[in-house]
Amino acid sequence: MPYKRPQGTSDILPEEIKKWRFLEEQAREVFDRYGYDEIRLPLFEHTNLFARSIGEATDIVEKEMYTFGEGKNQVSFRPEITAGLVRAYLENNMHKQRAFRKLFSIGPAFRHERPQKGRSRQFHQLDVEALGTIDPHLDAEIIIMAHQFFKKVGVENHEIIVNSTGCPGCRPAYREVLKKALSPHLAKMCENCQNRYERNVFRILDCKKDACKKITAETPVITEHLCSSCGPHHDKVIELLGKYNVPFKSDARLVRGLDYYTKTVFEIISTSDGLGSQNAIGGGGRYDGLIHELGGPELGAIGFALGVERILLAMGEENAATADQEINMVYVVTRGDEEKDFAFEVIEGLRNAGIKAEMNYEGKSMKAQMKAANKSGARFTAVIGPSELENRSVNLKNMETGEEKKVELEILAEAVDK
Ligand code: AMP
């Protein structure tokens, strides 16, 4: 083929769409139950929005964005949804009507990463954000909701890793403690971590290299250095998660790849074997400074993003059912070309009555049409031959029971419905 799709992108074919729709429907149902409203946003934003929120010294902003144009006109495909959603919340004055808003958005995000199983350059997120409060009950609520969603789609094998990342009040002191503890071991660490030491020392805690992991296992943890605001907040979140039976694990070394997080951070991991290293099916946290950072008032917020492709992989691992929906479909089969006009009238009548209907447009034999009807999953076939044409009726066959009867066009929709 002369044209191929760009590396790291996928065509989501009709056979797979059923699963995608199922997932999105379940997400909408759960998010709605918890009071979240849907919002739809541009796929690209001004680059400086991402630089300002996600952080200049993060992998995402430094290396992974698809960026076009210069200066004030420079835009990037969104590498995540939160920044654009907060921008929209402020730009549309939603915070003035009602500061506390729960919003969600579903759609693609783009990162120029090295593609592998579970990691692509265009991927899809279910993004959920609760804006306008610092209440720790909301941290617990949003994590409980994520857990409920995973249970609902059949991803039972998951674990939620929780930590606090502190705030601008307590983080600087911990940064120094961490740097001091790491400094004697710097030479033994990987090159990437040596670079991170000055620029973004917390990311060292996240390094997957054995040598670095051995060193960070011994360093002081942030949860012992939280301030009088972050400490009790974290305790309350942990208490609530325990009380509501969320399968969570505290890990004081969990850091996230985005700078805007404060206090609670979490990641949801699929514990099925098949996902390999890309087993994070979601992640999120609180970002109490971001609304103000982007020009709004001092308001707290928390959110998460789940990765659709990885959830589908996890569902496959667990053989999760995607609930086949029974549809009332009629496939009209004709003996020859003479019946075509009438067949067209029949399918249009059915569709008008709200019933899915299809016929053959390719001049296929009756046998081939019956085969196509079978393959389509139609519940009924409606066969039209010369006698049916003459008295404006069809021979309606229930594909499941094999039962057949002649039905006049006038009452066909009614008969199918019954
Ligand atoms: P992050 O905010 O980077 O943790 O992203 C949230 C979720 O999006 C992750 O837990 C993944 O499930 C998903 N995700 C992030 N990057 C990718 C990618 N390159 N390919 C597929 N899924 C991704």
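The model being predicted, local features need pLDDT of at least 70 and side-chain atom pairs count only at pLDDT 80 or more, while totals for chains, interfaces and linings use all residues. Residues are numbered from 1 along each chain as its sequence is written, and side-chain values use heavy atoms, with hydrogens and water left out.

Around the ligand there are 16 residues, and R111, E113, S120, R256 and A280 come nearest; a residue is near if one of its heavy atoms lies within 4 Å. The shell comprises five nonpolar, six polar and five charged residues (Ala, Val, Leu, Ile, Met, Phe, Trp, Tyr, Cys and Pro count as nonpolar; Asp, Glu, Lys and Arg as charged; the others, Gly among them, as polar). At least two shell residues come from each of β6 (122-131), β10 (280-286) and β11 (301-307), and β10 gives the most, with four. Strands (E, at least two residues) and helices (H or I, at least four) are DSSP runs, numbered from the N terminus.

Strand β11 also takes part in an aromatic pair. F304 in this strand and F31 in helix α1 (residues 14-33) link parts that are 273 residues apart in sequence. Their rings are edge-to-face, 6.5 Å centre to centre with 65° between the planes, and both residues are buried. Rings of Phe, Tyr and Trp (its six-membered ring) pair if their centres lie within 6.5 Å; planes under 30 degrees apart count as stacked, over 60 as edge-to-face and the rest as tilted. The count comes to 11 aromatic pairs, and one cluster is formed by F31, F104, F149, F150, F266 and F304.

Disulfides, pairs of cysteine sulfur atoms within 2.5 Å, number zero in the whole structure. The sulfur of C170 has its closest cysteine sulfur in C227, 3.7 Å away and so too far for a bond. C170 is buried, at 5% relative accessible area, whereas C227 is partly exposed at 24% (buried is under 20%, exposed over 50%, partly exposed in between; 1.4 Å probe, protein chains only).
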